[in-house]
Amino acid sequence: MASRILLSLVAFVSLFLFAAALPSPDPRKGDFFLGVPISNPDAAELIPNRYIVVYNTNATSDAITAHQNSVIKAVAKRNIGKRSPTSGRLLSTKVDTFAMGTWHAMALEADDRMMNDIFTAEEVNYIEQDAVVRLTAQQTETSAPSGLVRLSSETTGGTSYVFDSTAGAGITVYVVDTGIRTTHSDFEGRATFGANFISNVQTDDNGHGSHVSGTIAGAKFGVAKKANLVAVKVLGADGSGTNSGVIAGMNFVASNATAQKLSGKAVMNMSLGGSRSTAVNQAINGIIRAGVTPVVAAGNENQDTANTSPGSAAAAITVGAIDQTTDAKASFSNFGAGVDIFAPGVKVQSVGITSDTATNTLSGTSMASPHIAGLAAYLMALENITDPTAVSNRIKALATASTARVKNNVRGTTNLIANNGFSA
C-alpha cells in the first residue's frame, strides 16, 4: 500500500512539474485565476499592484470613457489607506488614461479583486503588470572622440563630419528620457521642456537625456544641428522609470505633435528599455499615426532585442551599437532580426549637466539611437520626407549604398551601418 501511495505521489508531482513547465497561455475571459490575469508574467522587475489596462480597438470611445470613469471613481474610494500586500507601500488613488488614435489604455494601482473585475469588462483586451524601465547607457569615460565623423565616412579613421547646411531645420525631436538641461550652450535656445511624468524636477538631474539630446541636435555634438528639441521626462535621477510612465510620455508626444501640427515634421527618440511589453510596443503605433518617426535603442544586454521593449517594436527604427573606430558590434549591444541599423555607440562625447558648457562621454545603444534620431531629422529636412516608413527606408538605403558593414556581428542581424550620404 505504501509503495502504491508513493508511486501515485511521484506521478502527481511529475505531472504537476510537467504542467508548470509548459508555456503559460494568454489569459482568457471566463477562466479562473489566482491573482491577476496578466499577459506578461515573465517580465523582469514587475511592480507590485500596478497595472496597464489595454482596451479592444473595436470598443467605442464612449464605452471606454464610461468604463474608465467608473474605475477612476472606484479607485479614488477603495485605495484610501490601502497598502500593497507585497511591498507595503500605499496604493495610489490616481488613474492615468491614454489615447492615441484607436489605441486606448489606462494605468492604475489596485488589489487583485478589482483587477479581476476590470478584466471581465467586455471593452478590455488585456492587462499587463507595470514594470521598471531603465536608460541604456553603458559606462562613463573621461574623454572620447565623437561618433559624428563615422556618419559621413565610408570607412573608419575619418577626421571630419560632412553635412548639408539644412541640418534638420524645421524638425522637432521629442526626447523621451531623463529630461534636458535646456540652458546648455550647445542647444542654442532650441531645447524646451515639454512634460514630466516622473518627478517635480523640471530639468535633467541624471545627465542621460541631455547627452542624448546633444548627439541629436547640439551645435557642436549633434547630427541635426538646427533641429528643435522637446524634453519628455519619464526617467528619474537614478535613470529608472516605468512602462506606464513611458506610455504617458508617448501619449504626450502624439497629442502634442498633433496639436502643434508637426505630423511629418517630428521624430521621437527613446534610449531606454525593459522587458518586452505589448502595451509599449502598441503605443508606438500611435506615434506613427501621429506622423512622428520613432527611433529606439536596441538595449545593452547582448541578447536578442526581441526580448525587450521598445526594442522589439516593429514600427520603430531599432538601433544597435558599433565601436565606430573598428566597425565591430559593441560587446554590449543587443542583436537579432528586430535591429534595423547600427550607429556609433562607444565612447561618444556629448553634452554634460554639471554646467552650461559641460561635456560627458558615454557608451551604449542609448548613444547609438540619437545618432539615428538626428539622422532622421536631418534627412526629413534635407529631402522633405514626411512619412515615418519612408524615413526608415531612406536611412536603410543610404546605409546599403555605403560599403561599411558591421564586423563580429551575430548571425541573423542586419550588418548596415548608418551613413548620411556624404561618404568620404
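A search of the whole structure turns up 13 salt bridges, each counted where a side-chain nitrogen of Lys or Arg lies within 4 Å of a carboxyl oxygen of Asp or Glu. Before we look at some of them, a word on the model: it is predicted, with local features needing pLDDT of at least 70 and side-chain atom pairs counting only at pLDDT 80 or more, while totals for chains, interfaces and linings use all residues. Residues are numbered from 1 along each chain as its sequence is written, and side-chain values use heavy atoms, leaving out hydrogens and water.

| Salt bridge | Closest N and O atoms |
|---|---|
| Asp111 with Lys82 | 2.7 Å |
| Asp340 with Lys396 | 3.2 Å |
| Asp96 with Lys94 | 3.4 Å |

Take Asp111 and Lys82, whose closest N and O atoms are 2.7 Å apart. Asp111 sits in the loop between β3 (103–109) and α3 (112–119) and Lys82 in the loop between α2 (61–78) and β2 (96–100), so their pairing ties together parts 29 residues apart in sequence. Helices here are DSSP runs of H or I with at least four residues, and strands are runs of E with at least two, numbered from the N terminus. Lys82 is partly exposed, at 25% relative accessible area; buried means under 20%, exposed over 50%, and partly exposed in between, using a 1.4 Å probe and protein chains only.

Next comes the salt bridge of Asp340 with Lys396. This pair links distant parts of the chain, 56 residues apart: Asp340 is in the loop between β15 (328–329) and β16 (341–344), and Lys396 is in helix α9 (residues 388–401). Asp340 is buried at 16% relative accessible area, whereas Lys396 is partly exposed at 27%.

Now for a helix pair. The axes of α5 (residues 208–217) and α8 (residues 365–383) come within 7 Å and cross at roughly 40 degrees; axes are lines fitted to C-alpha atoms over the stretch in contact, with angles running from 0 to 180 degrees between N-to-C directions. From α5, His208, His211, Val212, Thr215 and Ile216 meet Ser366, Met367, Pro370, His371, Ala373 and Gly374 of α8, contact meaning heavy atoms within 4.5 Å.

Across the whole protein chain there are nine helices and 18 strands, and 54% of the 424 residues count as buried.
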